Amino acid sequence: MYSKRFEKETFKAEVRDNVKTLYRKTIDEATPQQIFQAVSYAVKEVIIDDWLASQKAYDEADAKTVYYMSMEFLMGRALGNNLINMTAYSEVKEALKEMNIDLNAIEDEEPDPALGNGGLGRLAACFLDSLSTLNYPAYGCGIRYRYGMFKQKIENGYQVEVPDNWLKEGNPFELRREEYAKEVRFGGNIRFEKDPETGKDIFIQENYESVLAIPYDMPIVGYGNHVVNTLRVWDAKAITDFQLDEFDRGNYHKAVEQENLAKLIVDVLYPNDNHYSGKELRLKQQYFFISASLQAMIAKYKKKHNDIRKLHEKVVIQMNDTHPTVAVPELMRLLIDEEGLNWEEAWEVMSKTCAYTNHTIMAEALEKWPIDLFSRLLPRIYQIVQEIDRRFLIQVREKYPGNEEKVKKMAILMDGQVRMANMAIISGFSVNGVAKLHTEILKNQELKDFYEMFPQKFNNKTNGITQRRFLAHGNPLLAGWITDRIGDGWLTDLSKIANLKPLVNDEQARREFMQIKHKNKVRLAEYIKKHNGIELDPRSIFDVQVKRLHEYKRQFLNILHIMYLYNQIKEHPEMSFYPRTFIFGAKAAAGYQRAKETIKLINSVADVVNNDRSINGKLKVVFIEDYRVSNAELLFAAADVSEQISTASKEASGTGNMKFMLNGAPTLGTMDGANVEIVQEVGEENAFIFGLSSQEVINYENQGGYNPLDIYFNDWELKRVIDQLMDGTYANGDHNMYKNLYNSLLNTQCTARPDMYFILKDFRPYAEAHKRVEEAYRDEQRWSKMAILNTACSGKFSSDRTIEEYVTDIWKLKKVYVPSGQ
Ligand code: 26M
């Protein structure tokens, strides 16, 4: 047993006690939400002991710590996951059952902490889970947004965004730590002085605005090892009158302004994915949490160490994309202005501390801040960036004399902008991509010049996912079956899942595996019945595409193909057709017009198809409202087919692809991102691969694109589908509803390049791949083998493997073992 507190009677008493002290109620009187709170507090009690024990063990070991800096942590619900990792899930489930409480129902009371958009934020959450499970000292540092990712409602087929007030009922797992508050300053001007004693330059920021950053700590529980790391998210509060400078005391205007700034800064997560918006408030958010986190990190270091020049021996900072890269100049500032190092000393420490991960090659995602905005908001930081740039360009000109092209491409400051990626690459010691193909594209195309100059900095870290949440928690039936067959070692060492491989030849095992899949499909069908009112046949093929909505991810291709299938069925009712259920889930950024039109199109096609009695239920289309971590767990468990159909070269890695694979769903996809490595592991015969290669896409792009009209006019079935966008078939006769989508494919007037994402080009290969899926699914034996093999070959895609690689190649951490805190 993990802890005697989870002993049934003790735990039950604790829950009863909590309901009493928190709500003055008995269990029978308490609402489900109140029981959720009471159970969570009981769980937190146990966590706290291990949390203390972990911090003590780290202190004693004086262990190096990674600070994972991220604007996003898409954690998902904590209660169930904490119980899984404390190996107390079934005990607690039973204890609650004896009190007539259903743990699943209680889990559903927890709002999803959705402090992230999609892949990048969820990756951060998986990494924290793995760091704790693998005994590595780590902090996640981020922002405690008052409002996380918006809730999505579908009204009349359209997406409507609703604020996500996730803290409304209070978050039982967080700890407010007022005593570690830090001040963060914005704007004003820099006065320069010489220290009369030392002769050193001093930079004094004047006339600034400031806010107080207050940390909230959330426990990150490792699996079965008593390790509890910390996710530290910062809230903002106005500096009170009392704390204001002498000069500003009694300045009412300023007090109100600072109040407003504080409120605004942590108000809301920017709901953009792969798109840079250039908003001043976004830069304020970035500097706010970075400055606070670095101040806290240095304060902690100095408690035990007196030589700041050795900071890099005890801490390493991983920057999750460019969003936190203001850490580079902020660390320089703290080392120089606050700690008294000179430039060279500070550079040595900073450059050995900071590492950068690139998550995308999409040009529109690159952060380039206008210099006037940047320098106004962060005057001292801007001076430091200028100096980094100046020194770097000397190096470039030395290496490439007379080559001003290089300077133009590689400079940090260029064309009135601050290019954050360039700054991160120049300053840190490591640059990594997130899948093999992605890293190769970085080295050979996007970041070629930097790779030439700093080849030793570049490395690949193929993404991974945590099997604790996405198998143990999300798919308890399959998890139990796997443990019965091969033991529970896979929970902390996913390579062991390969031990399932021999079972592909065991008929009984295959039948059981498919029965579990069927039960999970029934579970999902119930969810869909309840939420969408749509009746599904769990014997149909569940074909699932869930991810953020983006043109490069090509949900449009998927729905066009469904329109095509529908035409086929209508035209050839006698044609043999294996019943198919197409399931979508996707949020569109609020201002992304084509993405929103795609959601409307999917819902309209669903309406028409699902209500056409003449097709005998052969085809169903479902749009899952408010796709998020909690319902994702149901979807992965129930999927037969994993749609991973991005335009090759555009999806840096993908991680949903890995979650489907783990749960036994073969990939229908392009050779993009980590799909390439998935196919390598599972074998091409156990996936359905189609379409242009990344090199072909890049070649077309280099010659200015291709002409989709050549395809349009030579493929009448495809032409008919595209024309149906404009003839009102899916728009109650409205001819304009999908004109932006239509134009994106064909109209040279409306887009830089028609069909930028090669949808027409890949359409026939995609349709043909679907044919292969259908054929394979009809052969039960073949399909069950494929499904099991996908699970059995997913070992590489654990975030535990990814984290071990980060530790070995970049972070150089040592494991710390923690005795039980009880
Ligand atoms: C930028 C500026 C302003 C507001 C928001 C942003 C922004 C937010 C999120 C930009 C990009 C964001 O996320 C990008 C992302 O999720 N990338 C994905 O990262 C995953 C983890 O590495 C990969 O698996 C995906 O392929 C990649 O698309």
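**Ligand shell**

I began with the domains and noted that the shell around the ligand takes at least three residues from each of domain 2 (62-76 + 112-463 + 805-811) and domain 3 (467-698 + 761-797). I keep in mind that this is a predicted model. Which residues come nearest to the ligand? Among the 23 residues around the ligand, I found these to be Gly 119, Leu 120, Asn 272, Ala 652 and Ser 653. By element, helix H6 (residues 119-133) supplies the largest share of the shell, with three residues.

**Helix H21**

Is H21 largely enclosed or left open by the rest of the structure? I count it as largely enclosed, because 12 of its 17 residues are buried; the buried residues include Gln 555, Phe 556, His 561 and Tyr 566.

**A three-stranded sheet**

Last, I followed an open sheet of three strands, ordered E13-E15-E14, in which the pairing is antiparallel. Strands E13 (368-370) and E14 (413-414) stand at its edges with a single partner strand each, so one side of each has no neighbour in the sheet. E14 is joined to strand E15 (residues 417-419) by two bridges, and I noted Leu 413 opposite Val 418 in E15.

How values were computed
Residues are numbered from 1 along each chain as its sequence is written. This is a predicted model: local features need pLDDT of at least 70, side-chain atom pairs count only at pLDDT 80 or more; totals for chains, interfaces and linings use all residues. A residue is near a molecule or strand if its C-beta atom, placed from the backbone, lies within 6 Å of it. Helices (H or I, at least four residues) and strands (E, at least two) are DSSP runs, numbered from the N terminus. Domain bounds come from an automatic or database domain assignment. A residue is buried if 20 or more other C-beta atoms lie within 10 Å of its own, exposed if 12 or fewer, and partly exposed in between; C-beta atoms are placed from the backbone. Two strands pair if DSSP finds at least two bridges between them.
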